[in-house]
Amino acid sequence: MDEDIWATVHRANGERVVPAFRVNQQTAGYQPYTQGAMDGDGNIVIVWQNDPKSPGADHENVWMRAYQADGTTRGGEVQINTWTGAWQSKPNGAMNEAGDMVVVWTSNAQDGDLTGVFARLGVSSGHLAAGEAFQANTEWNNAQENAWAGVAEDARFFIAWEATGQEST
């Protein structure tokens, strides 16, 4: 069964600003692990994991799409992960008032062992920083996964994750 991602925008009192709209353009399969963030102007970035059965996908990948405060798209879907050797899952996005953004996710086998936590920086317009994703965890043995991020007003950010058997920093 196909599953899509839907979103809507509300005022602080709960009043709906725009009708619900579909986020994902690729509609084959399911699109799980949806997360979103909003900047101080109301611009939105939504991240998710795609279905490996989607056309052209060998594994799950992490995607995002940006919107203006009124729900108008700022472009199409953008694949966040640059490494596609195995599945990428459980994305989480965080953004500050100015629109500085970090997206984190779990990557399978990219760090040479089970799973690792990777990230990319971007802005609320939906543009990602140039270059490859970077690895957040420094321990490579066992599993590091289920990451969470936050961004301060001066664009400093933190990344937290669950680790199995991690003994060092």
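The model is predicted: local features need pLDDT of at least 70, side-chain atom pairs count only at pLDDT 80 or more, and totals for chains, interfaces and linings use all residues. Residues are numbered from 1 along each chain as its sequence is written, and side-chain values use heavy atoms, with hydrogens and water left out.

**Exercise 1.** Find which strands stand at the edges of the open sheet of four strands.

Solution. Strands are DSSP runs of E with at least two residues, numbered from the N terminus; two strands pair if DSSP finds at least two bridges between them. The order is β3-β4-β5-β6, with antiparallel pairing. β3 (35-38) and β6 (78-79) each have a single partner strand, so they stand at the edges and one side of each lacks a neighbour in the sheet. Further in, β4 (residues 44-49) is joined to β5 (residues 62-67) by six bridges. Within β5, Trp63 is the bridge partner of Trp48.

**Exercise 2.** Locate Ser125 and list its contacts beyond four places in sequence.

Solution. Ser125 sits in the loop between β9 (115-123) and β10 (134-135). Contact means heavy atoms within 4.5 Å; beyond its neighbours within four places, Ser125 touches Ala66 and Arg74. Arg74 is 51 residues away along the chain, yet the two C-alpha atoms are separated by 6.6 Å.

**Exercise 3.** Identify the salt bridges of the structure.

Solution. A salt bridge needs a side-chain nitrogen of Lys or Arg within 4 Å of a carboxyl oxygen of Asp or Glu. There are two. One joins Arg11 and Glu15 (3.3 Å, N to O); the other joins Arg156 and Asp154, with the closest N and O atoms 2.7 Å apart.
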